[in-house]
Amino acid sequence: MKLSLASIILLAVLAVIGVYVYQNYASGLYYMAGRYDWMMNPYGVDPDAPEPTAGDTSFHRSMFIADLHADTLKWERDLLNRSMFGHVDVPRLAQGNVALQVFTIVTKSPLNLPWNSCVSARSPDTNTLLFFMQGRPVAGLRERAMYQIERFKDAVARSREPGSEIELRLILDASDLMQLVADRMQGDQVIGGILGVEGGHWIGGPGASTEDVRADMQELFDAGVRQFAPTHRFDNTLSGSNEGCSRYGLTRHGEVAVQTAQELGMVVDLAHISQQGLRDSIALLDQPFNISHTGIRHACDPPCVPDRNLDDDDIREIVRNDGIIGVGYWPQAVGPSVWRIADVMQHIMDLAEEEGVDQPQHHVALGSDYDGSVTPMIEVSHLDVLTAITRRRDQPFHPEVTRDIFGRNACRLFATVLPGGDPDFARDLCGQLQHAPAAPVPED
Ligand SMILES: [Zn+2]
């Protein structure tokens, strides 16, 4: 593309204006980025939610709780400080008794334009504006990812300094997971964090070779990423998305990325991927995987959005192939009632039972999508509300089923897939979580 002299001058003028505005109004922009976060990540607590009894709360506190998806690193809040807005930080995770949280990294969020029936990669990217306002790197999606990884590691390091009440620990392999379980069982205030990528859009771009794709995956692994979702809400170079405009399956580069993730010891996350991409990935995988955050199409009444959710055939395919489905808490995933969260879990278990899988409840987990620009119906600090729902519905979940869904399944997934892990180790490690003692309640 050749630029005319006039365009070059125009771009130069815009760049000078941009730098001027940024230098003079950076603090104002930063404040606006915080307001945007406050606006995008509210709670929509359902008035029909049950009030947990002392029994619900003590059972809740006896569980090892894991959540497969939160986009908190996208925002500028300090993970270690309790925030007045947004969904997740370490103090609130501790209050909700979360032991293990996957922190996912978003790098590009094109606007879902009202006149389009799909999300196009060419639509204006809201993350570019957000990151500019936050003073983060704007150029390069890889750079945006690396910045969020460093930000997380900085919080981990600070949480280990004297005076910090709760440790945040990066989980990289099976032995880290084992240590986390052991430390929590003796009552230590420590929360494990796993880094995940939501959309590897910069991987396998024009001119990339298979070796380039492998190198990009290795770079993520070396940086500490242990969960990898090829796509987000738009079609990219690895696969089509279930909200994308073409919705194709895994590309050749996508196959290499999924295969490499598997070889390295990363969990493959098939949230957001097209139906064809889901099937292509499952055919390649011989290890457990997850759909980190989703709802289902069955009984998906407005404001539930069928497109981004799993249909019954998808669910059958996933449970037959050792996949775990993280159920979200926001109305576009499950519908307008908190009680539907447990109904969705039950529906997945019913289909798994029909498929004749060994333990139907082994295929369900928590996938909150906290801080993912959604309006969850349950606060992380009051996650015992969800426990109460599983105990009070017409057909209450067996306590062991609730323990599996709330954390043991995620424990088994990571203990199987992370480096040093395998199914026997996972069974031994996560099985002992049956009798985990109550964690102490942190002071407010
Ligand atoms: Zn998502």
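In strand S8, Ile-325 is the bridge partner of Ile-291. The model is a predicted one, in which local features need pLDDT of at least 70 and side-chain atom pairs count only at pLDDT 80 or more, while totals for chains, interfaces and linings use all residues. Residues are numbered from 1 along each chain as its sequence is written.

Strand S7 (residues 289-294) is largely enclosed by the rest of the structure, because 6 of its 6 residues are buried, a residue being buried if 20 or more other C-beta atoms, placed from the backbone, lie within 10 Å of its own, exposed if 12 or fewer, and partly exposed in between. S7 pairs with S8 (residues 323-327) in the parallel sense over 4 bridges, where pairing requires that DSSP finds at least two bridges between the strands; helices (H or I, at least four residues) and strands (E, at least two) are DSSP runs, numbered from the N terminus.

Leaving aside neighbours within four places in sequence, Ile-341 is in contact (C-beta atoms, placed from the backbone, within 7 Å) with Val-327, Tyr-329, Val-334, Leu-386 and Ile-389.

Ile-149, in helix H5 (residues 141-159), counts as partly exposed, because it has 19 C-beta neighbours inside 10 Å. Leaving aside neighbours within four places in sequence, Ile-149 is in contact with Ile-105, Leu-195, Ala-223 and Gly-224.

Terms used: Contact = placed C-beta atoms within 7 Å.
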